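Hi everyone, thanks for making the time. I'd like to walk you through one structure today, so let me put it up on the screen.

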Amino acid sequence: MSPRRFSRLSFCAAAIGALAVAAFAVAPSLAAEDAVIIPAPAADAQAAGAIQTAVLAGGCFWGVQGVFQHTAGVINAVSGYAGGTKATADYNTVSSGTTGHAESVEIKFDPKKISYGKILQIYFSVAHDPTQLNRQGPDSGTQYRSAIFTTNDEQKKVAEAYIAQLNAAKVYKKPIVTKIGPLEAFYPAEAYHQDYLTLHPTQPYIAYNDIPKVENLKKIFAENYIEKPTLVSNAKVTN
């Protein structure tokens with residue numbers, strides 16, 4: 001049994017299914033990762049005309065995808081795998097924690113509407129906890145690590161500078177453990193993982209761990225929030 005499956009079963013047993021949804025409605029602050037209000041990056045990428053790509057890993061891809069599907073300027077957000085080979089880019093194998101892959105989200109965005117730096121600010125603030133090493137909330141293993149897969153030198157410089165800025169400002173109680181490395185390849189996850197948060201909002205794992213992230217996006221980044229998610233099933237992206 002994979003770590004994710006074990007954690008889901010353990011969580012659901014403890015929450016007793018539907019009671020987890022009721023508990024969330026009463027006390028959303030009990031979510032696995034609390035949002036942290038952080039400053040915007042002092043250095044950001046230059047705006048460009050073409051659609052750009054960011055690939056981020058921050059625990060279970062359901063929640064990260066859900067956050068960016070509710071972010072203005074995002075053209076598409078796809079759950080998938082990065083860090084390993086094509087041969088091992090499937091859910092069951094990645095769940096073993098031995099493939100080098102991290103559950104990741106490929107974000108296509110319009111830099112005229114949202115910057116790479118703003119995407120990183122949302123990522124570090126509401127999408128996950130960057131101080132958790134090889135885990136996120138109830139999920140444990142290197143496949144749930146915090147990682148930024150950069151697509152060019154500018155992204156690398158912005159990400160490195162931002163992490164240094166946040167650590168210097170001590171906005172977290174612990175140091176950021178997010179790893180930065182070049183994107184070798186991104187492999188989309190199986191169809192049943194796509195748009196999962198939108199399709200299963202009352203599933204206890206989603207209700208407890210991921211819906212609060214979207215609510216925090218709406219509260220903290222109101223100017224970047226869109227009510228209707230940009231779903232993979234509806235996206236029309238050109239590179």
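Let's begin in the middle: the largest nonpolar core has 47 residues, and the ones that touch the most other members are Phe68, Ile107, Tyr116, Leu120 and Phe124. Helix 5, residues 116-127, is the element that gives the most to this core, with 8 residues. Another core, of 8 residues, lies apart from it, and Val55, Ala57, Ala82 and Phe186 are among its members. Before I go on, please keep in mind that this is a predicted model.

Let me stay with Phe68 for a moment. What is Phe68 in contact with, once we leave aside its neighbours within four places in sequence? The list is Leu56, Val74, Ala77, Ile107, Ile119, Ile122, Tyr123 and Ala127.

Phe68 also brings us to helix 3, where it is one of the buried residues.

Now, a bit of packing. Two packed helices are described by the angle between their axes and the distance between the axes. For helix 3 and helix 8, which is residues 204-220, the axes come within 9 Å and cross at roughly 25 degrees. An angle under 35 degrees counts as roughly parallel, so helix 3 is roughly parallel to helix 8. The crossing is right-handed. On the helix 3 side, the contact is made by Trp62, Gly63, Gly66 and Val67. Helix 8 brings Tyr205, Ile206, Asp210, Lys213, Val214 and Leu217. Sorted by class, that contact has 6 nonpolar, 2 polar and 2 charged residues.

Last stop: two backbone details. Most residues other than glycine have a negative phi. Lys170, though, has a positive phi, near 55 degrees, and Asp195 has a positive phi as well, near 60 degrees. You can find Lys170 in the loop between helix 6 (153-169) and strand 7 (179-182), while Asp195 is in the loop between strand 8 (186-188) and helix 7 (196-199).

Is Lys170 buried or exposed? Its relative accessibility is 67%, so Lys170 counts as exposed. Asp195, by contrast, has 4% relative accessibility and therefore counts as buried.

That's my tour, and I'm happy to go back to any part of it.

Definitions and conventions. Residues are numbered from 1 along each chain as its sequence is written. This is a predicted model: local features need pLDDT of at least 70, side-chain atom pairs count only at pLDDT 80 or more; totals for chains, interfaces and linings use all residues. Side-chain values use heavy atoms; hydrogens and water are left out. Buried means under 20% relative accessible area, exposed over 50%, partly exposed in between (1.4 Å probe, protein chains only). Helices (H or I, at least four residues) and strands (E, at least two) are DSSP runs, numbered from the N terminus. A nonpolar core is a set of buried Ala, Val, Leu, Ile, Met, Phe, Trp, Tyr and Cys residues joined through side-chain atoms within 4.5 Å. Contact means heavy atoms within 4.5 Å. Axes are lines fitted to C-alpha atoms, for helices over the stretch in contact, and angles run from 0 to 180 degrees between N-to-C directions. Angles under 35 degrees count as roughly parallel, over 145 as roughly antiparallel, 65 to 115 as roughly perpendicular and the rest as oblique. A crossing is left-handed if the near helix is turned anticlockwise from the far one by less than a right angle, and right-handed if clockwise. Ala, Val, Leu, Ile, Met, Phe, Trp, Tyr, Cys and Pro count as nonpolar, Asp, Glu, Lys and Arg as charged, and the others, Gly among them, as polar.
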